[in-house]
Amino acid sequence: MQICKITQDKLRDALDLIWEVFEKYEAPDYDEMGIATFRHFIEYHNMAERLSQGEMRFWGCYQNNALAGVIALRSGQHISLLFVRERFHRLGIARKLMDVAVDAVISEGPRIRAVTVNSSPYAVGFYKKVGFVPLGPEQKADGIRFTSMRLTI
């Protein structure tokens, strides 16, 4: 297992993985507006611009040269995307990706004391398991259902 930064040349592969996993595990919990909102958010030109401006940082986990999972941080300490391909579930990939992202937050912003995420309904259990706590009840915006959560570091 190898984790490395995702650069522009690997971004399309990362976004394809994200969409593949979203369609299977997340889309059933969203209405048409939520699915369209998410699809627009991960469009290549949007993400490429955010990546080039440093607004988003991506890491990928590779197993035998296959992209198994992706995590993205937005605005320094907010987990924006965390997706693992189905055949790689339950191998600790999401946790390892999250550890890399949290380590990056700690090393680059020593005064930052928390990592945040707006978790999909599907992922709330995972985030709780790794130490995140909900900041309130589930919300819905632009068709996207989420629970705001925080991990104190």
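## Gly 34 in helix α2

Gly 34 lies in helix α2, which covers residues 32-41; helices (H or I, at least four residues) and strands (E, at least two) are DSSP runs, numbered from the N terminus. The model is predicted: local features need pLDDT of at least 70, side-chain atom pairs count only at pLDDT 80 or more, and totals for chains, interfaces and linings use all residues. Residues are numbered from 1 along each chain as its sequence is written, and side-chain values use heavy atoms, with hydrogens and water left out.

Is Gly 34 buried or exposed? Gly 34 counts as buried because its relative accessibility is 0%; the term buried means under 20% relative accessible area, exposed means over 50%, and partly exposed lies in between (1.4 Å probe, protein chains only). Apart from neighbours within four places in sequence, Gly 34 is in contact with Asp 142, Gly 143 and Ile 144, where contact means heavy atoms within 4.5 Å. Although Gly 34 and Ile 144 are 110 residues apart in sequence, their C-alpha atoms are 4.6 Å apart in space.

## Asp 142, a partner of Gly 34

Asp 142, one of the residues in contact with Gly 34, is found in the loop between β7 (139-141) and β8 (144-152). The phi angle of Asp 142 is near 55 degrees, a positive value in a residue other than glycine.

## Ser 148 in strand β8

Strand β8 contains Ser 148. This serine is buried, because its relative accessible area is 17%. The side chain of Ser 148 makes a polar contact with the side chain of Asn 118 at 2.9 Å. A polar contact is a pair of N or O atoms within 3.5 Å; within protein, one must be able to donate a hydrogen and the other to accept it, and residues adjacent in sequence count only if both atoms are side-chain atoms.

Leaving aside neighbours within four places in sequence, Ser 148 is in contact with Val 117, Asn 118, Val 133, Pro 134, Leu 135, Gly 136 and Gln 139.

Ser 119 is found in strand β5, residues 114-119. With a relative accessible area of 1%, Ser 119 is buried. Which residues does Ser 119 touch, not counting those up to four places away in sequence? They are Val 124, Tyr 127, Arg 145, Phe 146, Thr 147 and Met 149. For Val 124 there is a further detail: the side chain of Ser 119 reaches the backbone nitrogen of Val 124 at 3.1 Å. By contrast, the C-alpha atoms of Ser 119 and Leu 67, 52 residues apart along the chain, are separated by 22 Å.

Pro 121 lies in the loop between β5 and α5 (124-129). Pro 121 counts as partly exposed because its relative accessibility is 24%. Residues up to four places away in sequence aside, Pro 121 touches Asp 29, Tyr 30, Glu 138 and Arg 145. Between Pro 121 and Ser 148, which are 27 residues apart in sequence, the C-alpha to C-alpha distance is 11 Å.

## Two arginines in one loop

Arg 85 is found in the loop between β4 (78-84) and α4 (93-108), and Arg 90 is found in the loop between β4 and α4 as well. Which of the two is buried and which is exposed? Arg 85 is buried, with a relative accessible area of 14%, whereas Arg 90 is exposed, with a relative accessible area of 85%.

Neighbours within four places in sequence aside, Arg 85 is in contact with Leu 17, Glu 20, Val 21, Leu 67 and Ala 68. Arg 90 has a positive phi of about 65 degrees although it is not a glycine.

## The chain as a whole

The chain has five helices and eight strands. From the N terminus on, these elements run β-α-α-α-β-β-β-α-β-α-β-β-β. Of the 153 residues, 46% count as buried. Among contacts between residues at least 6 apart in sequence, 62% join residues at least 24 apart.

How does the radius of gyration of the chain agree with that of a compact globule, and what is its value? For 153 residues a compact globule would have a radius near 15 Å, and the chain has 15 Å, which agrees; the radius of gyration is taken over C-alpha atoms, and the globule rule is 2.2 Å times the number of residues to the power 0.38. Taken along the principal axes, the C-alpha atoms fill a box of roughly 35 × 35 × 35 Å.
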